[in-house]
Amino acid sequence: MTKFNIAVLISGNGSNLQSLIDEFKSSQLVNISCVISNKEEAYGLERASIANIDSHFIDHKEYNSREAFDEAMIVQLDHYKPDLVVLAGFMRILSDTFVDKYMGRLINIHPSLLPKYKGLDTHKRVIDAQEEYHGATVHYVDNTLDGGPICAQSSIKVTTNNPKELQKDIHKLEHELYPSVIRDISEQKIYLSEGKVIKNK
Ligand code: GRF
């Protein structure tokens, strides 16, 4: 059986990538075919190499437009023909061309209970606002910032005033949530239809 093929885009540490590597390394269903980073120093590239996964550094600074950089990523991704493109701490806004090409096959994980706290620095903002709950969201990517249709969320009670501590707690949630959503998508238990998330669980 052909495995469900995912490509992972990163910019940094790649702890979410690691959770996917650990989850799918002996999976009969899902294969991580490549990892792409726009940052050469991203530790996620090292994680990919340790796991024997093809990895590519594509430097966005070498391209004079967002579209040109995204086109270079598309060229690389096309070699792998991914069923799903997974953003895991990829810190670049994607062009409409990229998003339109992968619409319905492009997901992101965001460290907040969307639609609350789009954008950066979510943990500090949640503490400052004295929120009782915080969490993580996996969503399909569309042409809005952190605004695409939601696949799943996971939440915890906020029990610290320290953004770093809260970030650690949210990372733990993410490392459970992302693999489980990707498994569900690979089994068509979650998919996008006419802009809406359908769950067949
Ligand atoms: C995660 O918190 C994710 O939600 C956000 O970026 C962070 C990436 O962390 N999009 P890591 O590189 O996976 O450790």
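A polar side-chain atom of Ser15 lies 2.5 Å from an oxygen atom of the ligand. That is a polar contact, meaning a pair of N or O atoms within 3.5 Å. Glu174 also places a polar side-chain atom 2.4 Å from a ligand oxygen. For His171 the corresponding distance is 3.2 Å. The protein covers 85% of the 370 Å² of accessible area that the ligand has on its own (Shrake-Rupley method, 1.4 Å probe).

This is a predicted model: local features need pLDDT of at least 70, side-chain atom pairs count only at pLDDT 80 or more, and totals for chains, interfaces and linings use all residues. Residues are numbered from 1 along each chain as its sequence is written, and side-chain values use heavy atoms, with hydrogens and water left out.

Now widen the view to the shell. The ligand is surrounded by Asn13, Gly14, Ser15, Asn16, Gly89, Ile109, His110, Pro111, His171 and Glu174, each with a heavy atom within 4 Å. By class, two of these residues are nonpolar, seven are polar and one is charged. Gly counts as polar here; Ile and Pro count as nonpolar, and Glu as charged.

Which elements each supply at least two residues of the shell? They are helix 1 (15-24), strand 5 (106-110) and helix 6 (163-186). Helices (H or I, at least four residues) and strands (E, at least two) are DSSP runs, numbered from the N terminus.

Next come the domains, whose bounds come from an automatic or database assignment. Domain 1 (1-102) and domain 2 (111-136 + 154-201) both give residues to the shell, so the ligand lies between them.

Two backbone features sit in one loop. Pro115 lies between strand 5 and helix 5 (122-128). The peptide bond leading from Leu114 to Pro115 is cis, with omega near 10°. Tyr117 lies in the loop between strand 5 and helix 5. Its phi is near 60°, a positive value in a residue other than glycine.

Terms used: A polar contact is a pair of N or O atoms within 3.5 Å; within protein, one must be able to donate a hydrogen and the other to accept it, and residues adjacent in sequence count only if both atoms are side-chain atoms.
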